[in-house]
Amino acid sequence: MKNLFMTLSIIAIIGFMMINIGNKTTVAKGELDLLTMASVLQGENILIKNWTLHAREKMENLQTLQEVKAFTNELQAKYPDWEWSFKRSEKSWEAQAIIMKTDTQSEAVKVLSTPTNGQVQTYVIYEAKGQGWKKEQSELAAELNSKISDIFRGNATIFSCIQGEFNDKMNKSLPDTATQLLAAFNATEIEALKEDQFISASANSPLFGESIETNGNKMNMQLGLRTQGMGAKTNIVIGTPIITIEY
């Protein structure tokens, strides 16, 4: 089982890299997918334990290290309370900032620049993490949208993931539970790996706008379910457009 989880994590990381090359999501457009996922999961009596939002953008307009540093100075001026650190080597220049918003929520931003053919390639990465979930998260949504709009220049790839568990012990089989969850997202299963105590499924849901192609089919969500058997707790991981955390 551990080998299976490791294999799926590697698959997710490869998919994550592929999406970063070819797929863009417009930031701050409508409701964040993270909130949509949380709302559906809570409607299915699922306890949300952890959540992450990861966004990144290749900064095409930053051509020199001086421009990268000027952009970083702007970010530092916007977030002076964050803990900033800088690192430089022969191959890269990096700035990173971290803040603990609360005991259960943190944010981080990284600016990573590498020289290529006399110019620099620069990526900006933002990540927010939290534990638990309140039913009303309009304030969190406003904060995340504001940060994304402030940090990025218009186009960023956004990944959202949630880990949780069913509040009650499940008396359904794992395949039935997976079918129930896919139905809650109005999702069509594209492909799946099914074991006795583990299911990983890729699907396409109209609740999420962006999608990638896999074997000629569009998908925009992944679902992972794990249990110890009938009557035991069932753990769930869901991500859009893919799962980007280990599970």
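Contact here means heavy atoms within 4.5 Å, and helices (H or I, at least four residues) and strands (E, at least two) are DSSP runs numbered from the N terminus. The structure is a predicted model, in which local features need pLDDT of at least 70 and side-chain atom pairs count only at pLDDT 80 or more, while totals for chains, interfaces and linings use all residues. Residues are numbered from 1 along each chain as its sequence is written, and side-chain values use heavy atoms, with hydrogens and water left out.

The predictor's confidence in each residue, pLDDT, runs from 0 to 100; its mean for the protein is 84, and 84% of the residues reach 70 or more.

Helix α2 (residues 33-43) comes next. Its buried residues (buried means under 20% relative accessible area, exposed over 50%, partly exposed in between, with a 1.4 Å probe and protein chains only) are Leu34, Leu35, Thr36, Met37, Ala38, Val40 and Leu41. These buried residues pack against β2, α4 (138-151), β7, α5 (174-184) and β13 (234-240). After α2 comes Asn45, with a positive phi near 65°.

Now to the strands, where two of them pair if DSSP finds at least two bridges between them. Strand β2 (residues 46-58) runs antiparallel to strand β7 (residues 155-166), joined by ten bridges, and Arg56 has Thr157 of β7 as its bridge partner. With strand β6 (residues 119-131), β2 forms nine bridges, also antiparallel; here Trp51 stands opposite Gly130. Strands β8 (residues 188-194) and β9 (residues 198-204) are antiparallel too, with six bridges, and a hairpin of three residues connects β8 to β9.

Salt bridges (a side-chain nitrogen of Lys or Arg within 4 Å of a carboxyl oxygen of Asp or Glu) number seven. In one of them, Glu165 meets Lys49 at 3.7 Å, N to O. Glu165 lies in β7 and Lys49 in β2, so this pair ties together parts 116 residues apart in sequence. Glu165 is buried, with a relative accessible area of 11%, whereas Lys49 is partly exposed at 38%. Another salt bridge joins Lys194 to Glu189, with the closest N and O atoms 3.9 Å apart. Through shared partners, salt bridges link Lys49, Glu165 and Lys233 into one network.
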